[in-house]
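This briefing goes through one protein chain, topic by topic. Please look over the sequence and the 3D structure before reading the points below.

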Amino acid sequence: MDAKANEPKTLQEAIAYFADPENSFRFAIKLRWPGGEVSCPRCGEQKFSFIKTRRLWFCYVCKKQFTVKVKTIMEDSPIGLDKWMTAIWMLANCRNGVSSHELARSLGVTQKSAWFMLQRIREALGEQKFGRGKIGGPGSQVEADETFIGGRVANMHAKRRATIEQRGPLMNKTIVQGVYDRQLRKVRASIVPDVKRETLQNILLKNIKYGSAVYTDSAVGYDKVLYNFVHEVVNHTNEYVRGQVHTNSIENFWSLLKRSLKGTYVCVEPFHLSRYVDEQVFRYNNRKDGDRKISDAERFATAMSGIAGKRLTYTELTGKDQSPRHETTGTRETPIPF
Ligand SMILES: [Zn+2]
């Protein structure tokens, strides 16, 4: 077993460390099964033999083999564990995200494979929501706001542009709604279909405890929120900050999100946008623990703990037919575990 001191702290170290299959394997076991207590991902039993040369187990109950990838987002993937670990490290830690082209170059896989890997990692990061229940509560302060994200009509195919221009400028935009908890300094954000009062307020009611101080701008969507919360509004036409009453933190999150979408992800289909939002939320919420900066290694471990043990498999995410073939063998099955 490697001492913790040898474990990677930077991207360079991570690439070198995970390039050793035994390191990748040991590390994945540790993060997937806390304490390293391996159990069958299908039945949960610990009655198995371990085939060391192939790094796989044979479950005596299921009468089937399993690898560290089974029942995780890496299941069915012909890409090696070393590349997966590096990709997860990159996405968890690169502030403005990672494009599939960049990942393809770094890992030496096709851009299509890299794209599928990133989508699956994002899906798992999205599960890492801070807290399951409502946030806030009496005495706490929450900011709520929404933002519009979308391509410019000028860059669009003429036919699509015509449809959008007919329906009005907002039809081209995807709306993201978010809440920010000032005590926890964490954000939740999701795609919403519209900015109607009912839609926005339902999200607030689902996410925020009764008695929280909720700060919004003066959008009509937040009108009459005060029946459930202590609601204060900042009117952006003539003021931006009135003491505590502002939405600066959530707006700061929007600008980070937009910067990464513009810089790294040049065109994101609205259908996929929620995964990019989840990715940005993950990095944002895992940047600090109180006033202490969270290290890259810690953020990676958090990401890995979400990826391992997830029911979400590649098949469920994409439908098996679309899974990329192995670059050299052309098969869709994993010929060797990793
Ligand atoms: Zn089993």
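Over residues 320-338 the pLDDT stays under 50, and the model has 26 contacts beyond four places in sequence for this stretch. Here pLDDT is the predictor's confidence in each residue, from 0 to 100, and two residues are in contact if their C-beta atoms, placed from the backbone, lie within 7 Å. The structure is a predicted model: local features need pLDDT of at least 70, side-chain atom pairs count only at pLDDT 80 or more, and totals for chains, interfaces and linings use all residues. Residues are numbered from 1 along each chain as its sequence is written.

**The chain as a whole**

- The mean pLDDT of the chain is 80, and 75% of its residues reach 70 or more.
- The chain has 11 helices and 10 strands; helices (H or I, at least four residues) and strands (E, at least two) are DSSP runs, numbered from the N terminus.
- Of the 338 residues, 34% count as buried. A residue is buried if 20 or more other C-beta atoms lie within 10 Å of its own, exposed if 12 or fewer, and partly exposed in between, with C-beta atoms placed from the backbone.
- Among the contacts in the chain with a separation of 6 or more, 63% are between residues 24 or more positions apart.

**The sheet β1-β2-β3**

- An open sheet is formed by 3 strands in the order β1-β2-β3, with antiparallel pairing. Its edge strands are β1 (48-51) and β3, each of which pairs on one side only.
- Neighbouring strands of this sheet are turned by 30 degrees against each other on average, direction ignored. For such angles, axes are lines fitted to C-alpha atoms, for helices over the stretch in contact, and angles run from 0 to 180 degrees between N-to-C directions.
- The antiparallel pairing of β2 and β3 has 3 bridges; two strands pair if DSSP finds at least two bridges between them. Phe58 has Gln65 in β3 as its bridge partner.

**Two loop residues with positive phi**

- Lys63 is in the loop between β2 (56-59) and β3 (64-66). Its phi is near 60 degrees, a positive value in a residue other than glycine.
- Is Lys63 buried or exposed? Lys63 is exposed, because 7 other C-beta atoms are within 10 Å.
- Between the C-alpha atoms of Lys63 and Phe48, which are 15 residues apart along the chain, the separation is 9.1 Å.
- Asp76 lies in the loop between β3 and α3 (81-93). Asp76 is not a glycine, yet it has a positive phi of about 70 degrees.
- With 18 other C-beta atoms within 10 Å, Asp76 is partly exposed.

- In strand β5 (residues 174-181), 8 of the 8 residues are buried, so the strand is largely enclosed by the rest of the structure.
- In a regular strand the side chains alternate between the two faces of the sheet. In β5, Thr174, Val176, Gly178 and Tyr180 point one way, while Ile175, Gln177, Val179 and Asp181 point the other way, and all are buried.
- Strand β4 (residues 141-149) runs antiparallel to β5, and 8 bridges join them. Ala144 has Val179 in β5 as its bridge partner, and Phe148 stands opposite Ile175 in β5.
- β5 also pairs with strand β6 (residues 186-192), in the antiparallel sense over 7 bridges. Here Ile175 stands opposite Val192 in β6.
- β5 and β6 form a hairpin with 4 residues between them, and Arg185 in the turn has a positive phi of about 60 degrees.
- β4 pairs with strand β7 (residues 213-217) in the parallel sense over 3 bridges. The bridge partner of Glu143 in β7 is Tyr215.

**Helix α8**

- Helix α8 (residues 248-263) has 16 residues and reaches 22 Å from its first C-alpha to its last, close to the 22 Å expected at 1.5 Å a residue. The expected span of a helix is 1.5 Å times one less than its number of residues.
- Which residues of α8 are buried? Ile250, Phe253, Trp254, Leu257 and Leu261 are buried in α8. They cover an arc of only 100 degrees around the axis, which puts them on the same side of α8; the arc is that of the directions from the helix axis to the C-beta atoms.
- On the other side of α8, Ser255, Lys262 and Gly263 are exposed.
- The cover over the buried residues of α8 includes β4, β5, β6 and α9 (270-285).
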